Amino acid sequence: MGIVHSSVVEASRDELFAWHTRAGAFTRLSPPWQPLSLVKESESLESGRAELRMPGGLTWIAQHDAKAYDPPYRFVDYSAALPLRLLVPWRHTHTFDVVSEGRTRVTDQVDTIVPGHFLRSTFVYRHRQLADDMDRHHWASTLLPGPLTVAVTGSSGLVGSALTAFLSTGGHRVIRLVRRAPSTPDERRWNPDAPAADLLDGVDAVIHLAGASIAGRFTDGHRRAIRDSRIEPTRRLAEVAAASGQGPMIFVSASAIGYYGPDRGDEVLHEQDPRGDGFLADVVAHWEDAATPAADAGLRVVHVRTGIVQSPSGGVLRLQRPLFEVGLGGRLGAGTQWLSWIDIDDLIDVYHRAVVDSGLSGPVNAVAPNPVRNEEYTAVLASVLHRPAFLPVPDFGPKLLLGEQGARELALADQRVAPGKLIERGHRFRRPDLDTALRHQLGRFTTDEG
């Protein structure tokens with residue numbers, strides 16, 4: 001039993017082996033549908049160990065085998081923690097064979113009692129992630145003279161954890177701006193109310209992701225948290241970036257398609273279109289304006305107007321997936337409202353492009369090129385999960401949970417947004433259609449994939 005999975009990646013063997021040695025590799029290769037969380041990443045492929053938390057309080061220890069370590073050809077890890085090493089023995093051999101110049105065959109061989117068909121989706125996912133990430137780093141290398149130092153707020157969130165892993169495995173230095181006392185050399189203490197004047201010294205670019213979750217009932221307190229965690233902290237960070245003589249020349253800030261308002265119907269919305277109405281439109285407009293000090297100082301500023309992020313690790317898909325898996329899914333309201341979505345890895349690529357592409361500035365719509373109506377989204381998700389979707393949720397359902405305003409601006413929002421600037425720049429999306437994105441994120445690959 002076990003599995004052997006192999007694919008050819010367009011990269012040299014040395015590049016691929018180096019990629020696996022860097023912080024974030026485990027995160028980039030971990031399927032988001034699996035109920036595992038990384039506690040500690042291995043510090044060495046030769047003799048280090050990674051620690052993962054599993055359901056039921058169990059711990060999985062992946063111990064690297066020093067005797068089998070043969071860079072850049074092979075490294076090996078095995079299950080080392082009781083009782084799992086007795087219940088589920090596991091030895092994973094990673095090999096890298098040169099096919100031709102700039103092309104390498106990557107092979108994963110797992111010796112275990114687990115039948116291979118249970119492992120197939122995991123390794124299809126891993127190999128796609130690796131190939132796609134390498135492709136993006138190769139593209140970026142044509143624009144950059146070398147690795148960058150990138151400071152990131154919100155690095156522990158859904159987007160931040162994926163983005164920092166992507167950047168660090170690509171060879172960039174990531175400095176996490178954290179609100180607690182720093183615990184590593186690559187962390188700096190960030191006080192959103194009064195950031196230190198030298199906070200961004202030695203940094204090439206800053207990516208500002210921090211902000212309270214928009215999801216929730218739109219009470220006065222929730223609206224205040226959304227507004228206060230975004231506008232003034234962004235302004236103060238932009239002022240520090242502007243005043244720093246040794247600081248960044250690039251300021252990338254999270255934003256949202258809420259800028260366009262919740263009721264735009266069939267109108268196709270581009271970056272130059274006017275803002276809409278409503279609470280979120282007001283917040284986003286002021287949020288983007290708050291970065292003006294950085295722009296006035298000559299920094300290239302990019303506002304990433306993000307759509308509905310598709311990942312089972314967070315956001316709407318995390319809430320919907322359990323309902324659909326038990327056959328309780330259905331459209332929201334009439335189901336005719338437009339949903340402008342984006343695969344989480346495509347969103348990471350947009351942030352990456354915002355940093356490395358000097359031709360990109362101002363607002364950028366971070367959405368897939370193929371928005372869908374809510375009823376189509378429902379049908380595709382149900383099809384991917386092989387479940388029915390015949391229980392529509394009437395309008396009063398979201399209103400009970402989110403309040404009248406929250407339902408209108410979140411669950412029932414009708415926004416048909418186009419990634420105009422990205423298309424103009426020739427941007428290539430990894431997963432431009434919803435079926436492909438959901439199959440990748442949920443591990444529901446077709447039989448001819450992989």
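The structure is a predicted model, in which local features need pLDDT of at least 70, side-chain atom pairs count only at pLDDT 80 or more, and totals for chains, interfaces and linings use all residues. Residues are numbered from 1 along each chain as its sequence is written, and side-chain values use heavy atoms, without hydrogens and water.

**Aromatic pairs**
- There are 8 aromatic pairs, that is, Phe, Tyr or Trp rings (for Trp the six-membered ring) with centres within 6.5 Å; planes under 30 degrees apart count as stacked, over 60 as edge-to-face and the rest as tilted.
- Tryptophan 60 and tryptophan 90 form an edge-to-face pair, because their ring centres are 5.7 Å apart and their planes lie at 90°.
- Both tryptophan 60 and tryptophan 90 are buried (under 20% relative accessible area, with a 1.4 Å probe and protein chains only; exposed is over 50%, partly exposed in between).
- Phenylalanine 75 and phenylalanine 96 are stacked, since their centres are 6.2 Å apart and their planes at 25°.
- Phenylalanine 75 is buried at 3% relative accessibility, and phenylalanine 96 is buried at 1%.
- Ring pairs join Phe17, Tyr69, Phe75 and Phe96 into a cluster.

**Charges over rings**
- The charged end of arginine 230 sits over the ring of tryptophan 287, 4.9 Å from its centre (the criterion is NZ of Lys or CZ of Arg within 6 Å of the ring centre and within 35 degrees of the ring normal).
- Arginine 305 lies over the face of tyrosine 259, 3.7 Å from the ring centre.
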